[in-house]
Amino acid sequence: MSGSDQGKVTDVLDAQDRARFEQLVLPHLDAAFNLARWLLKSRADSEDVAQEAMLRAYRFFRGFHGGDARAWLLQIVRNTCYTWLEKNRPVELMTEFDEELHPQPSASPEALAIAGNNRERLTRALETLPPRFREVLVLRELEGCSYKEIASITAIPIGTVMSALARARQRLQRALTHASPQEAAREL
Amino acid sequence: MSCDYTRTVLYGYLDGELDATRSAEFEHHLEGCRECATALGSEESLRSSLQRSGLYESAPVSLRKKIRVGLDSATASPTIIRIPAWRWLAVAATILVVASVSWFAWERRTIDSGSTAPFTAAEMIDAHVRSLQPGHLTDVASTDQHTVKPWFDGKLAFVPPVKDFSDEGFPLIGARLDVLGGQNVAALVYTRRKHIINVFVMPTKEPDTPIHEPGLRQGYQWRHWRRQGMEYCAVSDASDSDIYELAQLIYQ
């Protein structure tokens with residue numbers, strides 16, 4: 001009843017913690033899943049890893065003392081993703097890995113096919129980037145994070161966020177333009 | 001890319017991370033630098049395709065469900081953490097006491113001098129002891145008075161006043177329905193340190209009374225009073241001063 005059960009991160013959480021967690025952290029589940037999906041390049045794996053990260057965040061929730069709950073959660077998601085990658089796909093963290101993707105079957109009219117092709121190409125190009133470039137782009141362009149938020153999520157100094165983004169963007173442009181002939185060849 | 005601006009400032013400008021002065025400087029530079037204008041144009045076009053291609057992937061419903069289940073199992077229900085093993089001893093001791101005195105013929109009697117209640121002290125103590133048995137303490141386990149109070153809706157013909165006194169050292173941990181003297185009553189469950197305090201509440205037509213002197217039986221103590229059409233009885237193995245303190249809080 002007293003405060004003796006408070007304060008340690010490994011303690012069992014109570015109904016009040018749960019309510020606070022649902023209010024502050026759970027609304028960022030989409031952000032968590034999206035980051036995991038782009039780091040792991042697989043929806044199924046991301047579902048497992050995002051779940052693990054969310055529950056880990058909950059266990060550590062008493063260590064969260066206010067501030068940016070999204071950045072705090074995404075930091076945990078990112079760490080969980082890298083741990084998963086180290087264990088399951090260590091090669092990916094060392095080299096650029098060009099994973100072959102299966103295009104979604106498209107039975108739609110021409111206009112949709114063009115848009116779909118565009119998305120497919122972008123996805124493929126993004127996925128050819130090394131995870132550390134991919135994550136800054138995803139955080140900036142899809143999640144709308146500021147440099148400061150990106151710095152706190154990815155643990156890179158704020159001064160290098162801009163250059164990391166610049167390199168990531170150049171690589172993406174290259175990947176997009178280089179993807180075209182390969183893609184054309186694959187479609188033949 | 002040979003222009004210095006392209007290498008340093010362009011991305012900060014693109015991302016809206018430059019301060020007003022540097023931003024204005026860069027815009028001025030853009031007017032005269034074809035290279036930067038072109039680079040900016042392609043970065044903007046890349047950004048717009050990234051943002052417009054529906055690349056953002058929201059969490060599937062199945063994930064939300066799994067997380068809720070996971071959170072449930074990582075959250076202690078108040079009854080589990082708050083009712084420690086010592087209570088088993090208390091229950092065993094109580095059963096012994098009850099057994100040893102049960103051969104007495106219990107007559108229906110008032111529960112405190114000068115005041116009658118629609119139930120006997122024995123019934124009340126029985127209800128209290130019964131509540132201490134595993135799984136009997138609360139029907140709704142919640143520390144939130146706004147959860148506990150509506151829970152009674154439709155279960156009783158009256159609305160018991162429900163207040164949490166965590167700040168005063170008497171956290172509300174839940175409530176249940178009980179029967180006293182053949183009547184359905186609300187039982188609010190508070191704790192004081194490690195002691196459980198049951199507060200039985202039922203409607204009455206009798207006038208208000210002050211908080212009566214403590215009653216004592218079988219090692220349990222209680223305080224009884226009436227206020228604003230409700231009859232209250234707070235019973236516990238806690239000290240009388242604790243019970244009286246809670247009674248005063250409720251009385252206010």
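**A strand and a helix up close**

Modeller: Start with strand S3 (residues 183-192) of chain B and S4(B), which pair in the antiparallel sense over seven bridges. Strands here are DSSP E runs of at least two residues, helices are H or I runs of at least four, both numbered from the N terminus, and pairing takes at least two DSSP bridges. Before going on: this is a predicted model, where local features need pLDDT of at least 70, side-chain atom pairs count only at pLDDT 80 or more, and totals for chains, interfaces and linings use all residues. Residues count from 1 along each chain as its sequence is written, while chains are lettered from A and ligands numbered from 1 in the order in which they are written.

Back to the strand. Opposite Ile197(B) in S4(B) you'll find Tyr190(B). The hairpin of S3(B) and S4(B) has two residues between the strands, and Arg193(B) there takes a positive phi near 50°. S4(B) also runs antiparallel to strand S7 (residues 230-236) of chain B, joined by seven bridges, with Glu231(B) in S7(B) as the bridge partner of Met202(B). Seven of the nine residues of S4(B) (195-203) are buried, so the strand is largely enclosed by the rest of the structure. Buried means 20 or more other C-beta atoms within 10 Å of a residue's own, exposed means 12 or fewer, and partly exposed is in between, with C-beta atoms placed from the backbone.

Now for the helix, in chain A. The axes of H2(A) (residues 29-40) and H4(A) (residues 69-88) come within 9 Å and cross at roughly 30°. Axes are lines fitted to C-alpha atoms, for helices over the stretch in contact, and angles run from 0 to 180 degrees between N-to-C directions. The two helices are therefore roughly parallel; that label covers angles under 35 degrees, with over 145 roughly antiparallel, 65 to 115 roughly perpendicular and the rest oblique. Residues of H2(A) that meet H4(A) include Leu35(A) and Leu39(A), and among their counterparts in H4(A) are Leu73(A) and Trp84(A). Contact means C-beta atoms, placed from the backbone, within 7 Å.

H2(A) packs against H3(A) too, at an angle of about 130° with the axes 8 Å apart. That makes H2(A) oblique to H3(A). Phe33(A) is one of the H2(A) residues here, and Val49(A) is one of those in H3(A).

Conventions: Two residues are in contact if their C-beta atoms, placed from the backbone, lie within 7 Å.
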